[in-house]
Amino acid sequence: MNRLSNLKANESIDNDLSLSAAEDCGLESERSYESIPIISAKSGVPTGRLGMVGAALFIVGEMTGSGILGVPQAISYSGFSGIGLMVLCVCVASYTGLVLSRNWMHVRDQYPHCSKPYQRIGYTAFGQGGEIAVQICATVTLIGGCCAYILIAAQSLARFLYLETGTDVVEYRSCVAIMAVVFLLVLIFGAGKESLIVAIIATVLSIIFTIIIFCGIIMTGKPDNFQPYHVTPKSWFLSFGKFLFAFGGHSAFPNFQKEMKNPRNFPGSILIAFVIKLVLYIPLGVVGMLFFGDMLHANILNNISGDLQAINVSVLLLVAVQAIMSATILGNPVVVMIEGAVNTPPDRLLSWKRVLVRFCSVLGVVIICEAIPRFDLIMALIGGTTINTAVFILPCLFHMKLAKNDQWHKMKISFDIMAIIFGVVAGCVCTYASIAHIVEAYQ
């Protein structure tokens with residue numbers, strides 16, 4: 001209940017910020033990053049409770065589950081060059097994550113209590129246009145991530161029931177509805193409570209089921225009719241979009257940084273999280289590509305032999321639980337934003353406005369899932385559009401405006417421009433490839 005009150009209070013403060021405050025922040029941002037004082041609990045400036053590792057766990061828990069299941073096919077679609085492409089994505093995403101963390105440090109003194117730090121960065125840099133751009137990218141990304149995780153949970157439930165009964169006793173679309181109900185209950189009664197514990201559990205489950213999947217692939221073995229996937233430009237760019245999705249949690253990065261004891265340490269959290277993701281993604285992807293080739297499914301769980309009953313049951317249950325937790329991490333900021341807009345009472349857990357907002361939000365997710373019932377298509381499309389914009393383009397544009405007095409500013413500008421060019425090119429080709437793949441799938 002206190003958590004909800006704090007969120008609503010922050011939202012109220014955020015909404016009450018006037019244009020003059022934004023202008024003051026613009027003046028404040030004229031100082032260099034190097035001159036910003038180190039923030040701690042003793043400085044009198046509000047700080048969070050997350051350490052470097054805690055923030056890294058949030059980053060890992062945010063998008064890793066879908067990446068573990070979808071990245072192996074992406075590596076198969078792009079061949080060994082896909083590993084280099086993934087590392088390139090990580091390097092550029094790490095730089096833009098560093099830039100985004102510096103952007104927040106430039107503006108945080110003016111908005112210490114705001115609930116939408118990335119939007120405030122955009123507002124300070126480019127006014128209402130910058131805020132709207134961030135809001136659109138963040139909302140679409142978070143909703144798309146929720147859809148992907150609900151579909152993953154539904155697929156896990158459908159396959160579990162099939163292995164247990166030998167028949168499709170419950171249709172896949174019905175499994176989507178079942179998991180949506182579970183998601184709604186968690187979103188109403190569990191979202192916002194002990195969120196660090198949720199992030200830790202989601203990360204630990206990701207590591208555990210990665211190991212189980214790896215063992216399942218080895219025990220399944222290479223099929224006799226194995227054929228390597230014939231990589232095409234379209235498949236390569238489609239993989240690019242999936243890689244962007246797997247490392248594209250930047251929309252929530254300022255929220256995690258805001259909750260840190262020392263926000264300057266957030267680049268270290270990004271490094272830890274991306275290293276963990278690479279360690280999970282690359283071995284599993286390479287083994288999947290070498291064992292299954294062109295028969296590797298969008299969800300690698302479907303390649304594990306049905307005879308491995310214990311492995312299938314354990315990994316499917318773990319994936320379903322992790323998917324619901326990750327969907328909650330992504331979905332809660334969206335519903336909190338909507339509740340703030342409709343003045344939902346902050347101190348009533350079951351107020352009709354709160355329940356209605358969360359019900360309608362989940363209903364919207366279900367409609368999208370029923371329209372595009374494949375999480376790999378959502379990964380590629382969102383990765384090439386809003387995630388790409390929020391990860392590569394917007395942080396650098398904002399940095400060019402906010403960090404004019406930083407040391408080595410001209411050199412940093414050149415890196416920003418290169419990252420923006422990378423993002424524009426990647427966005428165009430990935431979006432084209434993903435839309436073409438969606439059209440082909442429906443035909």
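Val71, Ile75 and Ser78 in α3 touch Ser81, Gly82, Ile83 and Met86 in α4, where contact means heavy atoms within 4.5 Å. Helices here are DSSP runs (H or I, at least four residues), numbered from the N terminus. This is a predicted model, in which local features need pLDDT of at least 70 and side-chain atom pairs count only at pLDDT 80 or more, while totals for chains, interfaces and linings use all residues. Residues are numbered from 1 along each chain as its sequence is written, and side-chain values use heavy atoms, with hydrogens and water left out.

Two packed helices are described by the angle between their axes and the distance between the axes. Helix α3 (residues 52-78) and helix α4 (residues 81-107) pack at about 120°, and their axes are 7 Å apart. That makes α3 oblique to α4; angles under 35 degrees count as roughly parallel, over 145 as roughly antiparallel, 65 to 115 as roughly perpendicular and the rest as oblique. The axes are lines fitted to C-alpha atoms, for helices over the stretch in contact, and angles run from 0 to 180 degrees between N-to-C directions.

## Salt bridges

A salt bridge is a side-chain nitrogen of Lys or Arg within 4 Å of a carboxyl oxygen of Asp or Glu. By this rule there are five salt bridges. One of them joins Glu339 to Arg358, with the closest N and O atoms 2.6 Å apart. This pair links distant parts of the chain, 19 residues apart: Glu339 lies in helix α11 (residues 309-341) and Arg358 in helix α12. Glu339 is buried at 1% relative accessibility, and Arg358 is buried at 0%. Buried means under 20% relative accessible area, exposed over 50%, and partly exposed in between (1.4 Å probe, protein chains only).

Asp376 and Arg374 form another salt bridge, with their closest N and O atoms 2.8 Å apart. Asp376 is buried at 2% relative accessibility, whereas Arg374 is partly exposed at 32%.

## A nonpolar patch

Which residues form a nonpolar patch on the surface? They are Trp352, Leu356, Phe359, Leu363 and Ile367, with about 550 Å² of accessible area together. Patches are made of residues with over 30% relative accessible area and no salt bridge; like charges are joined within 9 Å, nonpolar side chains (Val, Leu, Ile, Met, Phe, Trp, Tyr) within 5 Å. Accessible areas come from the Shrake-Rupley method with a 1.4 Å probe, and for residues only the protein chains shown count as cover.

Leu363 sits in helix α12 (residues 352-371). Leu363 counts as partly exposed because its relative accessibility is 41%.

Note on methods: Helices (H or I, at least four residues) and strands (E, at least two) are DSSP runs, numbered from the N terminus.
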